[in-house]
Amino acid sequence: MAANYSVYSIPVFFMMNFIPHAYAAILFTGGSPKRFDNVNPKSSATLESFRKRTTAATYARWERAKAAHHNGYENLPLLVAAVVLGNMAKLDAGTMNWTFGTFLVLRATFILSYITVESQTWSALRSMTFITSAFQCLWIILKAGNVLSG
């Protein structure tokens with residue numbers, strides 16, 4: 001029987017979503033942590049100060065990095081539910097490993113495209129990877145539901 005590594009996709013995904021946050025922090029501070037107001041990092045004055053002292057392109061990239069970071073954590077419950085339900089239903093380890101390995105690759109592509117893509121045409125790549133990664137989880141949830149319902 002193959003080993004089931006699907007549970008490990010949860011901490012890997014959690015840490016993957018910290019990367020765009022760290023990148024956004026580097027953009028925000030210009031690599032100098034002393035420029036970061038950790039007491040009130042989300043204040044409108046702090047954000048306005050950053051917007052004024054940086055280029056529009058850098059600010060837009062910072063916004064996309066923050067959005068990629070938030071999107072990942074918004075999707076974490078879907079991943080956790082799929083992993084837990086798939087394991088409760090004792091789905092095949094190969095299926096679980098392939099599905100969640102693919103999920104992680106798709107989400108890495110999503111993060112990279114979210115941060116770097118600046119055109120409407122290529123933004124479709126981000127949307128496709130988002131939808132496909134979500135369907136990976138939904139597929140496992142449906143398979144688990146079929147097993148658990150009878």
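Author: A helix is a DSSP run of H or I with at least four residues, and helices are numbered from the N terminus. On that basis serine 6 is placed in the segment before helix 1. The model is a predicted one.

Reader: How many helices and strands are there in the protein?

Author: The count is six helices and zero strands, so the pattern along the sequence reads α-α-α-α-α-α. The C-alpha atoms fill a box of roughly 60 × 35 × 25 Å along the principal axes.

Reader: Why is serine 6 called buried?

Author: The limit for buried is under 20% relative accessible area. Serine 6 has 1% relative accessibility, so serine 6 counts as buried.

Reader: What makes the pairing of serine 6 with asparagine 87 a polar contact?

Author: A polar contact needs a pair of N or O atoms within 3.5 Å, one able to donate a hydrogen and the other to accept it. The side chains of serine 6 and asparagine 87 make such a contact at 3.0 Å, so the distance meets the limit. The side chain of serine 6 also makes a polar contact with the side chain of asparagine 4, at 2.7 Å.

Reader: Which residues does serine 6 touch, beyond those up to four places away in sequence?

Author: Serine 6 touches Val83, Asn87, Met96, Asn97 and Phe100.

Reader: Which residues touch the most other members of the largest nonpolar core?

Author: They are Trp62, Leu79, Phe100 and Phe103, in a core of 27 residues. At least two residues of this core come from each of helix 1 (9-16), helix 2 (18-29), helix 4, helix 5 and helix 6 (120-148).

Reader: Why is lysine 90 called exposed?

Author: Exposed means over 50%. Lysine 90 stands at 71% relative accessibility, so lysine 90 counts as exposed. Lysine 90 lies in the loop between helix 4 (56-88) and helix 5 (93-116).

Reader: What is the phi of lysine 90?

Author: Lysine 90 has a positive phi of about 55 degrees, although lysine 90 is not a glycine. Most residues other than glycine have a negative phi.

Reader: How do you know whether valine 117 is buried or exposed?

Author: Valine 117 has a relative accessible area of 14%, which is under 20%, so valine 117 is buried. Valine 117 is found in the loop between helix 5 and helix 6. Apart from neighbours within four places in sequence, valine 117 is in contact with Arg64, Trp122 and Ser123.

Reader: What share of the 150 residues is buried?

Author: Buried residues make up 35%. The accessible surface comes to about 8,800 Å², and 66% of that belongs to carbon and sulfur atoms.

Notes:
Residues are numbered from 1 along each chain as its sequence is written. This is a predicted model: local features need pLDDT of at least 70, side-chain atom pairs count only at pLDDT 80 or more; totals for chains, interfaces and linings use all residues. Side-chain values use heavy atoms; hydrogens and water are left out. Buried means under 20% relative accessible area, exposed over 50%, partly exposed in between (1.4 Å probe, protein chains only). Accessible areas come from the Shrake-Rupley method with a 1.4 Å probe; for residues, only the protein chains shown count as cover. A nonpolar core is a set of buried Ala, Val, Leu, Ile, Met, Phe, Trp, Tyr and Cys residues joined through side-chain atoms within 4.5 Å. Contact means heavy atoms within 4.5 Å.
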